Amino acid sequence: MKIHEYQAKELMAGRGIAVPEGRVATSVDEAVAAVRPLIENSGNKVVVVKSQIHAGGRGKGRFKEHPDVAGVNVVTAGLEGGIKAAEEEVRELAKKMLGSTLETIQTGPEGKQVNRLYIEQGIDIERELYLSIVLDRAQDKNIVMASTEGGVEIEEVAEHTPEKILRETIDPAVDLTDFQARRLAFGLGLEGDGFKSGVKFFKSLAKAATDLDTDLVEINPMVVTKQGQVMALDGKMSIDNNALGRHKDLQEYRDRSEEDPAELEASKYGLSFIKLDGTIGCLVNGAGLAMATMDTIKHVGGEPANFLDVGGGATTENVTAAFRIITEDPSVKGIFVNIFGGIMRCDVIANGVVEAVKQTGLEVPLVVRLEGTNVKLGKQIIEESGLNVISADSLKDGAEKIVELTK
Amino acid sequence: MSILVDTNTKLIVQGLGSTGTFHIDKSIAYGTNVVGAVHPSRASQSETFEGETDHSGVPGRGDSYKVEIPIFATVRDAVEQTGANASVIFVPPPFAADAIMEAADADIPLIVAITEHIPIMDMVKVKRYMQGRSSRLVGPNCPGVITPKQCRIGIMPGYIHQPGKVGVISKSGTLTYEAVFQLTNNGLGQTTAVGIGGDPVNGTDFIDALKLFNDDPETEGVIMIGEIGGTAEEEAAAWIKDNMTKPVAGFIAGTTAPPGKRMGHAGAIISGGKGTAEEKIAALKDAGVVVAATPSDMGDAMMEAMKKA
């Protein structure tokens, strides 16, 4: 589960990790009201107005409705007009940003609607660095990656100057140790107060990653302030969905407006669903088979409209919901049900499909391939239902049939 | 011969919910020697399984079965009293890591974790816990391990399997069934099929299983089924190139998967331009593996690889 920058910073601040002071705003008035206290508390004349969406590249992103406005804007309370003028500038920005669509390199051409702004104090930056904590699958452990190349995409650093990436493995039995944190601080060239605050920062962040079950923590840039403090200027965090059960407090961070409505609907029924651009709806059990079904459809000349894994524990109700979600997509011109039952029983799938068609009707061709646990019963249910179903003998056979029927 | 499981396997089950009960019953019907269950709140009770024999499994049995399985408070008790040498885990995700560690603590040689959706950090700790211990973990989030007509541990449909020559290794449950069924239909059959699971942190990996099959005299070829995400397939390809003495076929799912989207499995994601199907297919081909273009061609790919060898 991705969370917003302001939420990540809230979590960090609660764990003693230095972040700039900031306030979240969902309305223009709230955005304006944040300006004065931020400037007065920090003594810094700058505030930053940041769009909160689940995608990176905001600084360089532009609003579709207002191409002159960037996703992140710096406002300075100068000599003329002071705080009052800054408030008016923030008001004009917030009016344009809130409710508008921000397009960045990560949002794709459709962009994302901005519903929240984060107004943050300005920081006097000495150096910009990079820090992230991710799972290293080769070691089966989280690692801290750090680099002196703040503000640059880590993939770019990895490609061009891999020697600049520092790595420390987090042993889950002891967490990040003092010596590892020191090694990172030395490697980043931190000195004096910056060194001390860096060591504390790295250790606290590593512990937060473990405690919060993060999939990813990325601080880019992590800065050293002119006052010698290591601080998270940005904060990207994503939480392991499988661990949300033990983080009741984090569940409220979920921003449903960031999710695709069909994917959201599917998740209510325990279905793993991803919308794609093609015309052939797929209903499959098992993630590997669902991917392979998409691959095969493409291989025989079609385009899948979705990835849909009904999983192993689906009930007839779940399968009915899955079928309905597929048929509600107007771009779907045909449906391919491909089931190889193991934990999933073919009769459950068959009942779900029959029930769904009864409820919603069926206006496009339907090809069904069933194999595995309770296959005879499943085939019998489909046959006795009297539905207009084309049956297939194999995955490839089914893919060819549905592609042919939707041409 | 076979790997990991055979007629000497004595299995216990951890987790007797509806899924665990359903599938342990299928394993008994298949002829697997299930010797006990572990359920702390039902200790000293027993669970009776009865039904029609699955004749696709262990031969020479009657048409029906009725067995009473003793339930133990702890895995250690179960091992001491039954001599179990394998455990299958159906415990729900929040408690599954503890169940795996309990089995490892009891030094059970083989632990097969079926449970899906175990938090990644739990598995990081499990892997650390298992270092230096004697147990082997298969899974989690996997269909299990089967040696046809000898022993079924997990959730796979038994009837699609046939004893034969090919070792099967797969990250995906349902794609394992596809491969197995094709190998049954084209007459090659299987020595053992191992589902290693689709989670980013798991027990037995491709290389571990490849080694076992390479050393198994009855296995004449191996098919490995991977998917996008991580670099396990590339590492396996490198190992095959240097060490494998038997023909290998393969398939990689996710050629059409969009980057940044998790395709069902926690481990199946293309991120930072890494873990794509193209890279994996190229690495496997470079190691001499015959890669099937679609999952329907897996059986043919295995045939071709064995002919070439």
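Me: What should helix α3 of chain A span at 1.5 Å a residue, and how far apart are its end C-alpha atoms?
Reply: This is a predicted model. Helix α3 of chain A covers residues 82-97, which makes 16 residues. At 1.5 Å a residue, the helix should span 22 Å. That agrees with the model, where the end C-alpha atoms of α3(A) are 23 Å apart.

Me: Within what arc do the buried residues of α3(A) fall, seen down its axis?
Reply: The buried residues of α3(A) are A:Ala86, A:Glu87, A:Glu89, A:Val90, A:Leu93, A:Ala94 and A:Met97. They line one face of the helix, because the arc that holds them is within 165°.

Me: Which strands of chain A are included in what covers the buried residues of α3(A)?
Reply: The cover includes one helix, α2 (28-42) of chain A. Strands of chain A are also part of it. They include β2 (22-25), β3 (46-51), β4 (62-63), β5 (72-76) and β8 (117-121).

Me: Which residue just after α3(A) takes a positive phi?
Reply: The residue sits just after the helix. Its phi is about 85°. It is A:Gly99.

Me: How far apart do the C-alpha centres of domain 1 and domain 3 of chain A lie?
Reply: The assignment for chain A gives domain 1 (21-121), domain 2 (125-251) and domain 3 (259-405). The C-alpha atoms of the chain fill a box of roughly 80 × 50 × 40 Å along the principal axes. Between domain 1 and domain 3 of chain A, the distance of C-alpha centres is 44 Å.

Me: Which element of chain B packs against the buried residues of α13(A)?
Reply: In α13(A), the buried residues are A:Leu395, A:Gly398, A:Ala399, A:Glu400, A:Lys401, A:Ile402 and A:Val403. From chain A, they pack against β16 (280-284), α9, β18, β19 and β20 (390-391). From chain B, the partner is α5 (173-185).

Me: Which element gives the most to the side of chain A that touches chain B?
Reply: The contact takes 46 residues from chain A and 48 residues from chain B. On the chain A side, β10 (141-147), β15 (272-275), α9 (287-299), β17 (306-309), β18 (334-341), β19 (366-372) and α13 (395-405) each supply at least two residues. By class, this side has 17 nonpolar, 17 polar and 12 charged residues. With 11 residues, the element that gives the most is α9(A).

Me: What ipTM does the predictor give the complex?
Reply: Chain B averages a pLDDT of 95, and 100% of its residues score at least 70. For the complex, the predictor gives a pTM of 0.93. The ipTM is 0.91.

Definitions and conventions. Residues are numbered from 1 along each chain as its sequence is written. Chains are lettered from A and ligands numbered from 1 in the order in which they are written. This is a predicted model: local features need pLDDT of at least 70, side-chain atom pairs count only at pLDDT 80 or more; totals for chains, interfaces and linings use all residues. Two residues are in contact if their C-beta atoms, placed from the backbone, lie within 7 Å. Helices (H or I, at least four residues) and strands (E, at least two) are DSSP runs, numbered from the N terminus. Ala, Val, Leu, Ile, Met, Phe, Trp, Tyr, Cys and Pro count as nonpolar, Asp, Glu, Lys and Arg as charged, and the others, Gly among them, as polar. pLDDT is the predictor's confidence in each residue, from 0 to 100. Domain bounds come from an automatic or database domain assignment. A residue is buried if 20 or more other C-beta atoms lie within 10 Å of its own, exposed if 12 or fewer, and partly exposed in between; C-beta atoms are placed from the backbone. The expected span of a helix is 1.5 Å times one less than its number of residues. The arc is that of the directions from the helix axis to the C-beta atoms.
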